[in-house]
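Visitor: Please give me a close look at the place where the ligand sits, and then carry on into the chains around that place. I would like one connected account.

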Amino acid sequence: MERITKRFAGVTANWAVDFDLRAGEVHALLGENGAGKSTLMNVLYGLYQPDGGRILLSGREQAFSSPRDARAAGIGMVHQHFMLIPSQTVWENMILGHEDLPSILPKKDVRRRILDLSDRYGLAVDPDAKVWQLSVGEQQRVAILQMLFRSARVLILDEPTAVLTPQEARQLFDTIGQMTAEGYGVVFISHKLDEVMAFSQRVTVLRKGRLVATVATEATTKERLAEMMVGEKVVLEIDRPAMAPGRTILECRDLRVLGDRGFPAIRDLSLSVREHEVLGIAGVAGNGQQELCEALVGLRTADRGRVIVDGEDLTNASPRTFIRKKVHYIPADRKGTGLVANMDVKENSILKRYSARPVSKGGFIDWKEVASFARTVVSRFGVNAPSTETPVRNLSGGNLQKLMLGRELSDSPKAVLAMHPTWGLDVAATKFVREQLLAQRERGAAVLLVSEDLDELLSMSDRLAVLCKGELMGVLDAPDRTPVETIGLMMAGTPLAEIEGAEVSA
Amino acid sequence: MEILVPILTAAVRSGTPILYATLGEILTEKVGVLNLGLEGIMLLGACSGFSVAYFTGNAWLGVGAAFLVGAVMGLLHAILSVTFKGNQVVSGLAITMFGTGASSLLGRTMVGFTIPGLPKVPVPYLSDIPVLGKVLFDHDLLLYGSYVLVLFFCWFYSSTRPGLYLRAVGDNPRAADAMGISVDKNRYLYTMVGAGIVAVGGAYLSVSYTKMWAELMSSGRGWIAVALVIFSIWNPARAVLGAYLFGGVEAFQLRLQAAGTTIPAPILMMLPYVMTIAVLFVIAIRQGKGIIFGAPAALGTPFYREERD
Ligand SMILES: Nc1ncnc2c1ncn2[C@@H]1O[C@H](COP(=O)(O)OP(=O)(O)O)[C@@H](O)[C@H]1O
Ligand SMILES: [Mg+2]
């Protein structure tokens, strides 16, 4: 790829970026969130039309007008959010876009080929399972098989380890190793330095849409890559002073919650969070974290069990009751559940206080009051918006998150539930969000933090609960002193008690 | 048993236009496009089908013309909702209004005309089965066409590559696109074919069922079909059940009226519509409890490739 430029309304995601891939190598594409890694690869995959530059394949210039062309040229991509059809089976997903199959599907044939491939690359899947029933790790295997089935020669993996347990990640690298040995070229997008150092032959670093450098992995160090990636040195280390937890603020007992499909997403879960405490929730995405948070703030009914806030039973109370009791929620889905995309900054800032004084006066909204409140939020939380009249749909992820934090944390909450609060943010914004959450802990709030980033959980949490398939695998009292392997096993479904039992007997 | 035969036969016959419309709309909705223009498209199909059948003397040419007129309306809907990404509800309602008005205007001169319609073709052997033979296998070919279509669609959705792609586009256009399937092409094709089938339902009404044209003769069947699509959970086999149920209610109330009951006619005529509301009510409750799935996940939403969701 030569001098690729891609602009979106208002941002230049790639600016004259060069990138090349050789057969048989693992080429890591490294950069902070928002650096333009996914965009660059989506251009290669034909999903985005570049505004400048050209793509060469074995020396010949290509014009990909859609993924169909790129796939025909042997390029396959596994997106960060897998491109699968949840309602269809694995084998049906496997043949999507496969034009050379006959119109009447040779089901037996297809299934045999899937099993062959999955055997050969150690990617175990059940061809007849429906995709929505699969764990994220299994879905990823389906997505990779999908590309192998299509006999791609170049495989692009967009942040493939973000959703895997450490053990699953290692397995994935075994598969990648085998594929490169057979001559595949693999592009591996990541912002995790350790993986990049361990598993790639060359690294290309992007920063703010521009190419920083392409280097051989052997010839560089983790520190130098970090500096290239971030520009100046930003210290992510945060300081979490030891604190004695106070009384229990948020608690659930034997909680059972149904997911969207009517099956239990949380099974008989009991947890509690105390004042001055961060309870981390670890687990692979989709193991009940979302449903748990929703049940704890009144957005989803509890099928069984109880939710107790500061000693008061609030099981299945309305979201408004939870808000009144100062339980605040920072949802993962910023523009859906968190903010109203088409409303402006100032309207969004008062979504939880519109009905009470001083904003509401005799049933009317005092817009002067609103504007002054919005200005306070914007300045205190460093929201970078052209004005408080800008619709939030035009804000970047980091600013959306700051605005939401501002709204939720301005009320001196008793409990804060934050779901993936730093997902997709750059280092500076990540640091800010983490500091704000820790400031709440210091103030005396109980903080529940759901994240997929194990490093984040380890540095933030006083205690760490691990979920798998909606069940509690155990709560670690000193997560930062627990081996990562143990947490990985728990995420994969082994209860803590069992792991400890095995250690004692060994 | 024997007294039931005429009512059941009438149920099948009056359910057939609804069945066609439901099958057509299921096709369109499965690819992710909501077309609320059914009522208008049925009327246009009935009107164009009847006039071509009348002036050419060939009923089949009428049916073919109806299909084409329907497909053109589908094309219009696709241009508005796929290419220009307009609001599909508004576009559908506009098509209904246009179809209602246009068919009334164009059909004015044909009021009172009749045609011989389509000949009955009893299916050999099958029509000799007691009761069922008379009810199901003693009709014209256009009615049998709906049986063929049901079987075809059941097979098409589950066992063919185009059927699989169609469902993929309706469930997750972003993924389908990333897999190299053209979202727009699929949506155009099935919106047009679906609307064509809806129009054939209308043509059945004028060419076969009544053998005449009357203004607003579809009398809400298009809307009933919209409800039946949900009732059938986008499954063509269940659509049969729903369509004949409604056909049955209609046949039954007509019988009662003819028999001269003391129940006022307007009350009887309300029955199919009351039942539609009842069915939707039950579905809404069950959906609330999370029992019903099957709606194409991207139904009614336009697709933009380079936009984030
Ligand atoms: N479809 C899109 N529409 C508008 N802006 C986008 C789109 N995709 C990415 N961007 C913007 O482009 C920049 C690069 O994004 P991306 O390539 O996703 O980064 P990375 O994958 O390195 O985290 C970001 O500022 C992002 O907000
Ligand atoms: Mg990315």
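Guide: What follows starts at the ligand and then moves through chain A and chain B.

This is a predicted model, in which local features need pLDDT of at least 70 and side-chain atom pairs count only at pLDDT 80 or more, while totals for chains, interfaces and linings use all residues. Residues are numbered from 1 along each chain as its sequence is written, chains are lettered from A and ligands numbered from 1 in the order in which they are written, and side-chain values use heavy atoms, with hydrogens and water left out.

The site first. Ligand 1 has 14 residues around it, and those that come nearest are Gly34(A), Lys37(A), Ser38(A), Thr39(A) and Glu306(B); a residue counts as near if one of its heavy atoms lies within 4 Å. Because the surrounding residues come from chains A and B, the site is shared between chains. By class, the shell holds five nonpolar, five polar and four charged residues. In this scheme Ala, Val, Leu, Ile, Met, Phe, Trp, Tyr, Cys and Pro are nonpolar, Asp, Glu, Lys and Arg are charged, and the others, Gly among them, are polar.

An N or O atom in the side chain of Ser38(A) is 2.6 Å from an oxygen atom of the ligand, and a polar side-chain atom of Thr39(A) is 2.5 Å from an oxygen atom of the ligand. From chain B, a backbone N or O atom of Glu306(B) lies 2.7 Å from a nitrogen atom of ligand 1. A polar contact here is a pair of N or O atoms within 3.5 Å; within protein, one must be able to donate a hydrogen and the other to accept it, and residues adjacent in sequence count only if both atoms are side-chain atoms. On its own, ligand 1 has 550 Å² of accessible area, and the protein covers 79% of that (Shrake-Rupley method, 1.4 Å probe; for residues, only the protein chains shown count as cover). The largest share, three residues, comes from α1(A). Helices (H or I, at least four residues) and strands (E, at least two) are DSSP runs numbered from the N terminus.

Now the rest of chain A. Thr5(A) sits in strand β1 (residues 2–8), and its relative accessible area of 9% makes Thr5(A) buried; buried means under 20%, exposed over 50%, and partly exposed in between, with a 1.4 Å probe and protein chains only. A polar atom of the Thr5(A) side chain lies 3.0 Å from the backbone nitrogen of Ala16(A). His79(A) is in the loop between β6 (75–78) and α3 (90–94). His79(A) also counts as buried, because its relative accessibility is 7%. Its side chain makes a polar contact of 2.9 Å with the side chain of Asn42(A).

Some backbone features of chain A follow. His276(A), in the loop between β12 (264–274) and β13 (277–282), has a positive phi of about 55° although it is not a glycine. Lys326(A), in the loop between α10 (319–324) and β16 (327–330), has a positive phi of about 65° and is not a glycine either. His276(A) is partly exposed at 21%, and Lys326(A) is partly exposed at 31%. Arg357(A) and Pro358(A) are joined by a cis peptide bond, with omega about 0°; Pro358(A) is in the loop between α12 (345–349) and β17 (360–361).

In chain B, helix α1 (residues 4–30) and helix α9 (residues 183–209) pack at an angle of about 170°, with their axes 7 Å apart. Axes are lines fitted to C-alpha atoms, for helices over the stretch in contact, and angles run from 0 to 180 degrees between N-to-C directions. The angle makes α1(B) roughly antiparallel to α9(B), a label for angles over 145 degrees, whereas under 35 is roughly parallel, 65 to 115 roughly perpendicular and the rest oblique. Residues in the contact of α1(B) with α9(B) divide into 13 nonpolar, eight polar and two charged.

Helix α10 (residues 221–231) of chain B has nine of its 11 residues buried, so it is largely enclosed by the rest of the structure. Among the buried residues of α10(B) are Arg221(B), Val226(B) and Phe231(B). Just after α10(B), Ile233(B) takes a positive phi of about 50°.
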